[in-house]
Amino acid sequence: MKKLHLLITAAFVVVNVAPALLNAQTPCGPGFGSAPGATFGGAGIPNSAVAYNNCLTGVSLNLTAHQRYDNPALTNDGAGVFTAQAGQDANTVSPVTGYAKWNFAYDIQGANALQYTYRLYFDNNPQAGNALDGYLNIPGSFGIGYANSLNLGMGVLNINVLGPAPTFQPFDKDAAGEYGFSLVAYNSDFNEVARTSILVNTSSVVPEPSTYALMTAGLAILGVAARRKKLLA
């Protein structure tokens, strides 16, 4: 949780704004929960586990992580930390070599959304501490609009957009560790006025309890067979 706190507070220039509820079901301020109406630029992306900030009048920032197509579903701790499986995207819809099994997604809504500019900061190296390696401007090139679901394996996210030379390794879909993401709003003077952040922890595939039971049963059967063969020899 320390890393998530740093993501939320780092490089934070506060401008006094009047809090406003964009949706009566969602309390004002950085929080985690349901974000009704957020689509994240696609169909079927869950909006029930979302890091949100809607204290800017007429603007709601939403950030989440979810499985890519039919890959294993992510879990979360109810406070902005997700858990996903490391490894190659294995979906049957549009498998792409180098893609992770999970996506991160953002959604910016509200009548006043056009009054601000935004950046989506991302971390493509889970061993790099609290550093957010790069960012994308919203709206921007590469089809980056006000809502989208992205994968760290996408080529556009494997370049350093913060400086003239790469400072981090290309994304490794098999790497286990902790990834950070922040969606930040800026005013016309490019002062930060709102931010929402999430973490995604990845790990190797761990057998479910039922799988362990099957493995144990299988080993027991093999053991009985071996003893029987010895007795008959």
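A salt bridge is a side-chain nitrogen of Lys or Arg within 4 Å of a carboxyl oxygen of Asp or Glu. Keep that cut-off handy for the exercises below. One more thing before you start: the model is predicted.

**Exercise 1**

Work out whether arginine 195 and glutamate 192 form a salt bridge, and say where the pair sits: buried or exposed?

*Solution.* 
- Step 1: look at the closest N and O atoms of arginine 195 and glutamate 192, which are 2.9 Å apart.
- Step 2: compare with the cut-off, which is within 4 Å. The pair forms a salt bridge.
- Step 3: check the surroundings. Arginine 195 and glutamate 192 are both buried.

**Exercise 2**

Find out how many salt bridges the structure holds, then describe the one made by arginine 68.

*Solution.* 
- Step 1: the count for the structure is three.
- Step 2: arginine 68 has aspartate 89 as its partner, with 2.8 Å between the closest N and O atoms.
- Step 3: Arginine 68 is in the loop between strand S3 (60-67) and strand S4 (75-76), while aspartate 89 is in the loop between strand S5 (81-85) and strand S6 (102-109). They're 21 residues apart, and the pair links distant parts of the chain.
- Step 4: arginine 68 and aspartate 89 are buried.

**Exercise 3**

*Solution.* 
- Step 1: confirm the pair. The closest N and O atoms of aspartate 174 and lysine 173 are 3.4 Å apart, and the two form a salt bridge.
- Step 2: recall the limits. Under 20% is buried, over 50% is exposed, and in between is partly exposed.

**Exercise 4**

Describe what surrounds asparagine 151 and which backbone nitrogens its side chain reaches.

*Solution.* 
- Step 1: locate asparagine 151 in the loop between strand S9 (147-150) and strand S10 (177-186).
- Step 2: asparagine 151 counts as buried because its relative accessibility is 0%.
- Step 3: follow its side chain. It reaches the backbone nitrogen of alanine 100 at 2.9 Å, and that of glycine 153 at 2.9 Å.
- Step 4: leave out residues up to four places away in sequence, and asparagine 151 touches several others, including Arg68, Tyr99, Trp102 and Leu157.

Technical notes
Residues numbered from 1 in each chain as written. Predicted model: local features only at pLDDT ≥ 70, side-chain atom pairs only at ≥ 80, totals over all residues. Heavy atoms only, no water. Helix = DSSP H or I, 4+ residues; strand = E, 2+ residues; numbered from the N terminus. Buried < 20%, exposed > 50% of the residue type's maximum accessible area, 1.4 Å probe, protein only. Polar contact = N/O pair within 3.5 Å; in protein donor to acceptor, adjacent residues only side chain to side chain. Contact = heavy atoms within 4.5 Å.
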